[in-house]
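Okay, thanks for making time, everyone. I'd like to walk you through one model today, so let me put it up on the screen.

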Amino acid sequence: AVVSTQSTGEQFAFQTQVDPIPLINRSTAILKTVKDLLLQIKESVGNYDCDNGLPEVVMSARTVSATMNDYLSSISPPSDPELCDARLAAMSLAVTNLVLVTQNILSASPWLQEALNEIEEKIVEVRCYLCQRDSEDDDEDIAKV
């Protein structure tokens, strides 16, 4: 399968084999950052004296938790890069939704956007790892010709 990036339009093919150690290391960083965000939101919303919007935050947090579990199960060896990417995208959407819902309650909270940006950067790193072309192999094949 071929994936194209939104920003540059470059196309990358999924790796056929993924080394699990770098994938797990990168994924652990994402999951830790998302967990920290969930804890910050829990603390902030818990201190907020308003029930308006709270059920939406709780539902969004549950969705994030479920997508984290799905993603975690997809990175277990042998991992399928396409499945990892799909579940990573689902987790990204769930986190973005949680941040948006939380921002409706906590209107002036720049830390939410900062946390989302940090998570998105880490997600891009994993997606780049999953979608790397075997360019070294291609270069070797070209050099032989």
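Let me start with a question: among contacts in the chain between residues at least 6 apart in sequence, what percentage join residues at least 24 apart? It comes to 75%. Keep in mind that this is a predicted model.

So, the overall layout. We've got five helices and two strands in the chain, and reading along the sequence the pattern goes β-β-α-α-α-α-α. There are 145 residues, and 32% of them count as buried.

Let's take helix 1, residues 20-47. Helix 1 has 28 residues, and from first C-alpha to last it reaches 40 Å, close to the 40 Å you'd expect at 1.5 Å a residue. The buried residues in helix 1 are L23, S27, I30, L31, T33, V34, L37, I41 and V45. And what covers them? That includes helix 2, helix 3 and helix 4.

One residue I'd pick out of that list is S27. Its relative accessible area is 0%, so S27 is buried. If you skip its neighbours within four places in sequence, S27 is in contact with Y71, I75 and V126. V126 will come back in a minute, as it's one of the buried residues of helix 4.

There's another serine to look at, over in helix 2, residues 54-74: that's S60. Is S60 buried or exposed? Buried, because its relative accessible area is 6% and the cut-off for buried is under 20%. Again leaving aside the neighbours within four places, S60 is in contact with N97, L98 and V101.

On to helix 4, residues 110-130. Buried here are L112, A115, L116, I119, I123, V126, Y129 and L130. Look down the axis of helix 4 and those buried residues fall within an arc of 140 degrees, so they line one face of the helix. For the spacing, remember that an α-helix has 3.6 residues a turn, so residues three or four places apart point the same way.

Now, how does helix 4 sit against helix 3, residues 81-105? The two pack at an angle of about 170 degrees, with their axes 11 Å apart. Helix 3 and helix 4 are therefore roughly antiparallel to each other. On the helix 3 side, the contact is made by P81, C84, D85, L88, S92, V95, T96, V99, T102 and Q103. From helix 4 come L112, Q113, L116, I119, E120, I123, V126, R127 and L130. Sort the residues of that contact by type and you get eleven nonpolar, five polar and three charged.

Last stop, R127, which lies in helix 4 and takes part in that contact with helix 3. Where does R127 fall on accessibility? At 31% relative accessibility, R127 counts as partly exposed. R127 and C84 are 43 residues apart in sequence, yet 8.8 Å apart in space, C-alpha to C-alpha. C84 is on the helix 3 side of the contact.

That's the tour; over to you for the discussion.

Conventions. Residues numbered from 1 in each chain as written. Predicted model: local features only at pLDDT ≥ 70, side-chain atom pairs only at ≥ 80, totals over all residues. Heavy atoms only, no water. Helix = DSSP H or I, 4+ residues; strand = E, 2+ residues; numbered from the N terminus. Expected span 1.5 Å × (residues − 1). Buried < 20%, exposed > 50% of the residue type's maximum accessible area, 1.4 Å probe, protein only. Arc of directions from axis to C-beta. Contact = heavy atoms within 4.5 Å. Axes fitted to C-alpha atoms, helices over the stretch in contact; angles between N-to-C directions. Parallel < 35°, antiparallel > 145°, perpendicular 65-115°, else oblique. Nonpolar A, V, L, I, M, F, W, Y, C, P; charged D, E, K, R; others polar.
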